[in-house]
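Please open the model in your viewer and keep the selection panel at hand. This tour moves from one stop to the next, saying at each what to select and what is there.

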There are 2 protein chains.
Amino acid sequence: MLNFSFHNSTRIHFGEGQIEAIKKEIPTDARVLMVYGGGSIKKNGVYDQVSQALCEHEWFEFSGIEPNPQYDTLVKSLAIIKEKKIDYLLAVGGGSVVDGVKFIAGAALFEGDDPWDIIAKQQRIQKALPIGAVLTLPATGSETNQGAVVTRNGHKLPFSSPLVRPQFAVLDPAVTLSLSDRQVGNGVVDAFVHTMEQYLTYSVNGKVQDRFSEGLLQTLIEEGPKALAADTKNDMEVRGNVMWAATMALNGLIGAGVPQDWATHMIGHELTGGHGIDHARTLSIVLPAVMKVRREEKREKLLQYAQRVWNIQKGTEDEQIDQAIEKTEQFFVQIGVPVRLSDVDLNESHIEGLITNLKQHGMVKLGENRDITPQVSEQILKMAL
Amino acid sequence: MLNFSFHNSTRIHFGEGQIEAIKKEIPTDARVLMVYGGGSIKKNGVYDQVSQALCEHEWFEFSGIEPNPQYDTLVKSLAIIKEKKIDYLLAVGGGSVVDGVKFIAGAALFEGDDPWDIIAKQQRIQKALPIGAVLTLPATGSETNQGAVVTRNGHKLPFSSPLVRPQFAVLDPAVTLSLSDRQVGNGVVDAFVHTMEQYLTYSVNGKVQDRFSEGLLQTLIEEGPKALAADTKNDMEVRGNVMWAATMALNGLIGAGVPQDWATHMIGHELTGGHGIDHARTLSIVLPAVMKVRREEKREKLLQYAQRVWNIQKGTEDEQIDQAIEKTEQFFVQIGVPVRLSDVDLNESHIEGLITNLKQHGMVKLGENRDITPQVSEQILKMAL
């Protein structure tokens, strides 16, 4: 196991009816900005529940955060924050809303020239508005971690600061019942690949981390399809298990003390930035190709994954690995996401542009060994055709 | 899954050489009291490392905390805290030292008549001195949780407060190399039974929690014996895995959203309080008996435990459960701890006194269903003869 420091201070309130916890979590004298997305929370009752919980607070709202939150939208919130003297941000939505609010939290108190520098120049945030989160779409884990991804002009870029980790997060699986199958499926795949990024590397004998990761993968494999099947999709236990797995998949715990990959994400970001593919659907396309191209570097962990997660015990090592990759793809197909570039109407002619963008974004040494050069990324994209 | 709130704010610094993290963790202007036990830290280099890390701090020391920290010892620290105007406590030791420091932290600022009321009357602590912990014995999980157990006149009693959760914890597996086999074995068993108390109840379909618990149990089963075997006991990976598993076993995570038992602990406390048996050795005696006496109530989880933790797939359900209980006992024996009251020279004549003490301490409705009455506890103790 590698040395590590771990800290996750977010207070979690999990379960049906927990939105009312907001009332006690946000200081009574706070001036709150509720930030949300396209307005689905007005149809599914979440907006009303949050309003009710905030009945003793002074609060305002800012909406219109897109999937893959856009810089140009986010900075528009700064005027109302200044005008209304907002000192607490409440994100109500999925990972995009939470990510967007993280950027707003830093940008509102940023003392540099241009808030875009937080991302473009990775300028360190010195202070940030406090954040609370009401999660409506289990997927990104953003509700308890310190990372965020923001998009500007087709460039999708990450930033991170302990100051933007939400102070509290409400996880009510009941609010996920109104999600579309596409949203649910994307969330399951996102959480699955988050886990794989921290698991499928090389072994440092981190037994707790490995077992926890395998537990999350197994949970998502068992519960993900149920969250989509007609007879089980409204089962609150299923929804709860998916939601808790998604949070645990990227709260820092399973990645503490082990190497991490993230090449699938970085390559996937270019598919979203350049071609507008849903984040999770870029991951389901890229991950199987990464498994194939990095087969030798990841051999030990691929075998462990085959045996422990998929319970594949028969055949040679190579046959077990083949089966595990195939089962991963079958799982993605079952969840309803694409597994090839051709599934989203992209072909070999698009690869050059994707590689150019990767280089432009400095993504030239990816993976747990920092050896996924643009040449290897190209191999991976070709494998994904 | 049950509704829950979860919060664990302790900052963790894990790995060799992390003791130096103390320097930055404790405010420079703090007046620190280093609290430790019988002085083993002076022989194994930990005292020197901590002293070095505190070289820029004003600090004092208080030693002599016993295994099962004694109230009478702990309150003696209050004089030096007052005299030296201590405002930060640094626990350096195992769970007993950390537990003792938790009590001191509350007692130092307690405004009631008698600090013993914190335990005896479960009076809520309103404030507490901040605590840091340097863990030397992986076992209790106390280094990141909010619970503690204190003993007075043979009565071993728990208390809990979020105010006494350590602000940071240093987990350096290298410092565990000087522990005796007995201490290491006790720690492995303690962590194992902590996990079982939160796992072996009735199912609420908490898939993440179950998988995480199973992962911890498997890790302890695999690594525990290696931490005792001559050829592997100095392996830092083994020590690291045991240490991280012990912390995760009782940091609140695996128990969030699931029913919890704790009958084994409460019955075990009477064996320690009344007969001075090491804490872990009371657990290894009581747990197998609890598994046998509560076999029907715990049937579903016993079967899951058999299949997933011990990979027992053959035989009838009852045969699988029998095997799982037998394997648990064999594991304890392998670790070098007793599994029967007779192993520690207790017999039927001692049971009445133990039950009297349980009643006196209000432990009359134990277990996840609150149905372990003194009569059932008596059955359990008889089963353990």
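How many bridges join β1(A) to strand β1 of chain B, and do these strands run parallel or antiparallel? Keep in mind that this is a predicted model, and then select residues 4–14 of both chains: seven bridges join β1(A) to β1(B), and the two strands run antiparallel. To see how they line up, show A:F4, which stands opposite B:F14 in β1(B).

Chain A can be laid on chain B by a turn of 180° with a shift of 0.0 Å along the axis, and the RMSD is then 0.0 Å. The two copies are therefore related as by a two-fold rotation axis. In chain A, the C-alpha nearest this axis belongs to A:S9 and lies 2.2 Å from it. Both copies use the same surface, since 100% of the contact residues of chain A recur in chain B.

Next, select the contact between the chains, which takes 32 residues from chain A and 32 residues from chain B. On the side of chain A that touches chain B, β1, α9 and α10 (236–249) each supply at least two residues, and the largest share, ten residues, comes from α9(A). If you colour this side of chain A by class, you will find eleven nonpolar, 14 polar and seven charged residues.

Now select helix α9 in each chain, residues 207–226 of chain A and residues 207–223 of chain B, whose axes come within 8 Å and cross at roughly 145°. The crossing of α9(A) and α9(B) is right-handed. Among the residues that make the contact are A:R211, A:F212 and A:G215 of α9(A), together with B:R211, B:F212 and B:G215 of α9(B). By class, the contact of these two helices has six nonpolar, six polar and eight charged residues.

For the last stop, leave the contact between the chains and select residues 147–152 and 155–160 of chain A, which are strands β6 and β7. These two strands pair in the antiparallel sense over six bridges, and A:T151 of the pair stands opposite A:K156 in β7(A). What phi does A:N153 take in the hairpin of β6(A) and β7(A)? The hairpin has two residues between its strands, and A:N153 takes a positive phi near 50°.

Conventions
Residues numbered from 1 in each chain as written. Chains lettered and ligands numbered in written order. Predicted model: local features only at pLDDT ≥ 70, side-chain atom pairs only at ≥ 80, totals over all residues. Axes fitted to C-alpha atoms, helices over the stretch in contact; angles between N-to-C directions. Helix = DSSP H or I, 4+ residues; strand = E, 2+ residues; numbered from the N terminus. Left-handed = near helix turned anticlockwise from the far one by under 90°. Contact = placed C-beta atoms within 7 Å. Nonpolar A, V, L, I, M, F, W, Y, C, P; charged D, E, K, R; others polar. Pairing = 2+ DSSP bridges. Least-squares fit on C-alpha atoms with pLDDT ≥ 70 in both.
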